[in-house]
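Me: I would like a close look at a single part of this model. Please keep the answer plain and connected.

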Amino acid sequence: MTQSPSSSINRRQFLAGTVAALALSPAPSRGETAPPSLVARPGMAQLTPKEYPETAIWGFDGQAPGPLLRARQGDRLQRRLMNQLPVPTSVHWHGIRIDNAMDGVAGLTQEPVAPGGSFDYAFDLPDAGTYWYHAHTMSLEQVARGLYGALIVEEPEAPDIDREEALVLDDWRLDRETAQITDDFGAWHDLSHAGRIGNLVSTNGAFDLTLAARRNERLRLRLINAANARILALSLVGLEGWVMALDGMPLDHPETAQGELILAPGQRMDLIVDVTADVGETAHLAHLANDGQWWSQVAWSVTGAASSTRRPVPAALPPNPRQAVPGVAQARSVTLTMEGGAMGRLQAATYEGQRLSFRDLAERGHFWAFNGIVGLTDTPLLEADLGETIRIRIANDTAFPHAMHLHGMHFREVLADATLGPLRDTLLVQRGESRDIAFVADNPGDWLFHCHMLAHAASGMRTWVKVRRS
Ligand SMILES: [Cu+2]
């Protein structure tokens, strides 16, 4: 058990930082020939206390997070990715039930965009909710350098809140002297263990994001875990509320947000919270750090009161379309066994058509396999008919947790009592666990299915699902 955060929670003793501004991106206007640009380029960011130098990052529009993209449900989003990086890149729109050609997976759905090149992304937004976008070419390095941002799709009618905050959390590995991103991408220890875990967790690019709030104010918090590998354990202090949505998709009924809120890499969580801290106090989103202590991740200084009483429990967010997963009991079932890693049992696996011992795989920087196969091959994990319900048993036969992300479609977990869990696009599967998911294969195309611990994906944990076009 970990200790609970208290109202006397500590902040790290750093100098006061700045509040990161979220740039609003201009909405696409009708009749324009060129879509608005999204420029992947180097930039500088003050991630650390001011006595440290700025950190050189790669970011969309030179920022990390990149511009906050905001649209309404049913809108079409268009962005021209312009690559001003020294390496090829592409953009994945995580959680959007998207047109396959726009999914951004280099090597599966598009060619990577060369330095100096561009690619026009244009796609419909069928679902409201909290999504994000990130580089999907050499993701281990590119996401670690800052190539990600929030994508917010608004409901037709806004919920009854006072205001909202998109909170993009990231875990940076910085040199402790220079505050620069260490370039040890693909270090074998990271590949073979828990992934690239960093030493500074930022929110919207700030290590000590501080915001203002009023007592009894009602906030919607859109939490996004953009970290390479860190599983965030979060908690509310001086805030009380409800989990409203997971991975963008509304829950049928708001659930009281209490105890540890677990957010694996790639996952999102929408909360509606009331500020219950007194005027003059500070409310916190707290984060359980490596040292076993709860630290303030985001602080709200409570100045004044919005009202003298709290509001009633909020109504559920309006449901998105296509939420049902029917016919699970009769569905075709496929097993995906995750193997490998340090302290694992993998003896040998197939890599590029060759059966290799674990030792030979390790020498090539590959440590993980799905069903005995390392990385992508020409053969998908499964081929589904359009509209077919598919069940996948994810068996984690490794010594580490993995956050499995399915592109293009959300799934529901099939729980032990055969009921279905909430719609998600990323599921955390702990070591030794076996978990079943089911989804309707209603989005045609080739969809990546991979671990979102990006070092694991880079060293073997990738497969794909084919959904036939008719
Ligand atoms: Cu993993």
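Which residues lie on one side of E13 and which on the other, and are they buried or exposed?

Reply: This is a predicted model, in which local features need pLDDT of at least 70 and side-chain atom pairs count only at pLDDT 80 or more, while totals for chains, interfaces and linings use all residues. Residues are numbered from 1 along each chain as its sequence is written, and side-chain values use heavy atoms, with hydrogens and water left out.

Strand E13 covers residues 232–237; helices (H or I, at least four residues) and strands (E, at least two) are DSSP runs, numbered from the N terminus. Leu232, Leu234 and Leu236 lie on one side of E13, Ala233, Ser235 and Val237 lie on the other, and all are buried. Buried means under 20% relative accessible area, exposed over 50%, and partly exposed in between, with a 1.4 Å probe and protein chains only. Both faces of the strand are thus covered, and the count for E13 is six buried residues of six.

E13 also has strand partners, where two strands pair if DSSP finds at least two bridges between them. With strand E16 (residues 261–263), E13 pairs in the antiparallel sense over three bridges. Within that pairing, Leu232 has Leu263 of E16 as its bridge partner. Strand E18 (residues 282–288) is joined to E13 by four bridges, and these two strands run antiparallel as well. Here Leu234, one of the buried residues of E13, stands opposite His287 in E18.
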